[in-house]
Structure formats: structure tokens, C-alpha cells
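Keep the structure open as you read.

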Amino acid sequence: LFTDDPKRADPGIRLLPPSSEHWFGTDRLGRDVWSRTIYGSRISMIVGLGVAAVVGFFSTLTGLIAGYNRTFDSVYMRLMDGIMAIPTILVGIALVSITGSSVQNVIIALSLATVPRGVRVVRAAVMALAEEVYIEAAVSIGAPTWRVLLKHILPGVVAPFIVLVSIIIANSILVE
């Protein structure tokens, strides 16, 4: 994705406007701004996509169970409410200060702080879908719970899940 070496300075081409060779122009040292932007965004994208993957997996898994099983829901959602009571940035700062600063620890810290929000979104979608007639029909013909969740409810959770993942990526990059 680089158009030029992001670290190479060329004083002869400094402060050029955007062109076909330098898409965002050059800075005061003659470095390509586009290449430096892409180079600098690598870690942020790793963190954003990593948090979205972890939160997406755990939110979908536990949100499906919590939305469908009322006994698990009452206990698990109180735990999620407790975690949500603490702002994400504070949870992230506390966990990174305890475990040390690395990309992996930042992903874990932001994931732990963000999972409850994801679980609530998935759980709400599951609870709405669980009342549908086709779900009652699947249960009445003896379909096992895992089949009802995976074949009938999970496809209905995809749309809110996509919105959730895009918000998580953006929020994780900002908090990181």
C-alpha cells in the first residue's frame, strides 16, 4: 500500500501538493505523507480488528445463550452490568497498567471492557427473534437448542452484529 518508503527523506521534494506520485503530498522533510499515514495506522488497525474479533466471538457466543436461556441470562447479565458500570477507558488503563503495555495486552484490556456492550446487543436481537413463530415451530418439532440457535436465530443476529463490529473497531482505535 506504500507509494514510497515512509522513512526516506528527500529535501528536494519537500512540501509538494497531492499528485499521482505523492497521493497526500510530502511533508517539510520530503517524506511521502500517504506512505507515512498507512505505515502509522498498522498498529491501530491491528488493535481495532483484534478487539472486534475477540468481542465479536465472545459477544455472539454468550449473547446467544443469554438471550435464549433465561436462567443463564439473569446471572450473566448482572455480571455484564457490573463491568459496564466502569468506563471502558478506565478498565483499559487499569488492565494495561497491571499487565504492561503491549499490543496483545491492549487488545485483551479493550476486549474485556467492550464485551458487555456487545453481549447486550446480541442478547437483545436474540430475545426479539426468540418470540417469532418460526422459532416456536422449530422448538415444537423437537429441534435441539443448538440447532435453533445456529440455524434460526444466528442468521437474524448478523445485521446488528455487523453494525456492532464497525462501532467496536472505531471505538477501539480511539481508545487505543
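**Overall build, then the rings**

From the N terminus on, the elements of the protein run α-α-α-α-α-α-α. That makes 7 helices and 0 strands. Bear in mind that this is a predicted model.

How spread out is the protein? Its radius of gyration is 22 Å, while the globule rule gives 16 Å for 176 residues. The value is well over the rule, so the protein is more spread out than a compact globule. The box tells you the dimensions: along the principal axes, the C-alpha atoms fill roughly 75 × 40 × 20 Å.

Now consider the contacts. Take those in the protein with a separation of 6 or more: residues 24 or more positions apart account for 64% of them. Buried residues make up 36% of the 176 residues. The accessible surface comes to about 10100 Å². Carbon and sulfur atoms hold 69% of that surface.

Next, the aromatic rings. A search of the whole structure finds 4 aromatic pairs. One of them joins Trp23 and Trp34, with ring centres 5.0 Å apart. Why is this pair called tilted? Its planes meet at 50°, and a pair counts as stacked under 30 degrees and as edge-to-face over 60, so this angle falls in the remaining class.

Where do the two partners sit? Trp23 lies in the segment before helix 1 (33–40), and Trp34 lies in helix 1. The pair therefore ties together parts that are 11 residues apart in sequence. Trp23 has 45% relative accessibility and counts as partly exposed. Trp34, at 17%, counts as buried. The cut-off for buried is under 20%, so Trp34 qualifies.

Phe57 counts as exposed, at 51% relative accessibility. Phe58 is partly exposed, with a relative accessible area of 40%.

Go back to helix 1 for one more residue. Gly40 is found in this helix. At 51% relative accessibility, Gly40 counts as exposed.

Finally, a charge over a ring. Arg42 lies over the face of Tyr39, at 4.1 Å from the ring centre.

Note on methods
Residues are numbered from 1 along each chain as its sequence is written. This is a predicted model: local features need pLDDT of at least 70, side-chain atom pairs count only at pLDDT 80 or more; totals for chains, interfaces and linings use all residues. Side-chain values use heavy atoms; hydrogens and water are left out. Rings of Phe, Tyr and Trp (its six-membered ring) pair if their centres lie within 6.5 Å; planes under 30 degrees apart count as stacked, over 60 as edge-to-face and the rest as tilted. Helices (H or I, at least four residues) and strands (E, at least two) are DSSP runs, numbered from the N terminus. Buried means under 20% relative accessible area, exposed over 50%, partly exposed in between (1.4 Å probe, protein chains only). A charge sits over a ring if NZ of Lys or CZ of Arg is within 6 Å of the ring centre and within 35 degrees of the ring normal. The radius of gyration is taken over C-alpha atoms; the globule rule is 2.2 Å times the number of residues to the power 0.38. Contact means heavy atoms within 4.5 Å. Accessible areas come from the Shrake-Rupley method with a 1.4 Å probe; for residues, only the protein chains shown count as cover.
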